[in-house]
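Here are a few friendly notes to read alongside the model. Please keep the sequence and the 3D view open as you go.

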Amino acid sequence: MVKLLINEKFVLSIIFLNAISIFLNAFPAINTATNGMLFWIDYICALYFIVELLLKIKVFGFVQYWASGWNRFDFIVVLASSPVLLSPIFDLKTFSVILILRLSRILRLFKLLTFIPNRNSIITGVVRALKASIGVFIALIFLNFMFAMGATLLFGQDAPEFFGNPLTSFYTLFKIFTVEGWYEIP
């Protein structure tokens, strides 16, 4: 029974069930139609993740459990999402953001993609691309910051609603760069 509860495919199916329940629970009409059943499915999944974590630590021992990067990731996610278990007693709307963190466990599906040729090099390439994307994102933030300072100095007097201070200018330039609302600026 213990082996079934910590079986990778079974755990992934529970993660997938939890993701679907979280997704459907975000729709008010569906949430009302199910009379809160989706909340309880999510709650039971959260309890299962705690039991799974404790069983894995018992079966493998803490040192061997902690040696795996996925287990460390799961431990942090389960620990961070444990306040959700107090939801039936307290109103914990502030912890609802943690649901997104719990959804990140779906990344474990990459472990099942063994049928893809050169899977390791593809995953390595995706990780390299993500690291490069983060660098580009940070560079764009700095560039937008510099342009925002210049726009505040140049256009702050003429259009204070768009360029009155650096934060407003930053947001205005972000809208222009993303072509979202740029037509409002001229």
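1. Helices H8 and H10 cross in a right-handed way; a crossing is right-handed if the near helix is turned clockwise from the far one by less than a right angle, and left-handed if anticlockwise. Their axes lie 8 Å apart, at an angle of about 120°. That makes H8 oblique to H10, since angles under 35 degrees count as roughly parallel, over 145 as roughly antiparallel, 65 to 115 as roughly perpendicular and the rest as oblique.

2. Before going on, note that this is a predicted model, where local features need pLDDT of at least 70, side-chain atom pairs count only at pLDDT 80 or more, and totals for chains, interfaces and linings use all residues. Residues are numbered from 1 along each chain, and side-chain values use heavy atoms, without hydrogens or water.

3. Which residues meet where H8 and H10 touch? From H8 they include Phe-145, Ala-148 and Thr-152, and from H10 they include Ser-169, Phe-170 and Phe-177 (contact means heavy atoms within 4.5 Å). By class, this contact has eleven nonpolar, three polar and no charged residues.

4. The buried residues of H8 are Asn-144, Ala-148, Ala-151 and Thr-152 (buried means under 20% relative accessible area, exposed over 50%, partly exposed in between, with a 1.4 Å probe and protein chains only). Their cover includes helix H9 (160–163) and helix H10 (166–177).

5. Elsewhere, Tyr-65 sits in helix H5 (residues 62–67). Tyr-65 is buried, with a relative accessible area of 2%. Leaving aside neighbours within four places in sequence, Tyr-65 has contacts including Leu-53, Ile-57 and Phe-75.

Terms used:
Helices (H or I, at least four residues) and strands (E, at least two) are DSSP runs, numbered from the N terminus. Axes are lines fitted to C-alpha atoms, for helices over the stretch in contact, and angles run from 0 to 180 degrees between N-to-C directions. Ala, Val, Leu, Ile, Met, Phe, Trp, Tyr, Cys and Pro count as nonpolar, Asp, Glu, Lys and Arg as charged, and the others, Gly among them, as polar.
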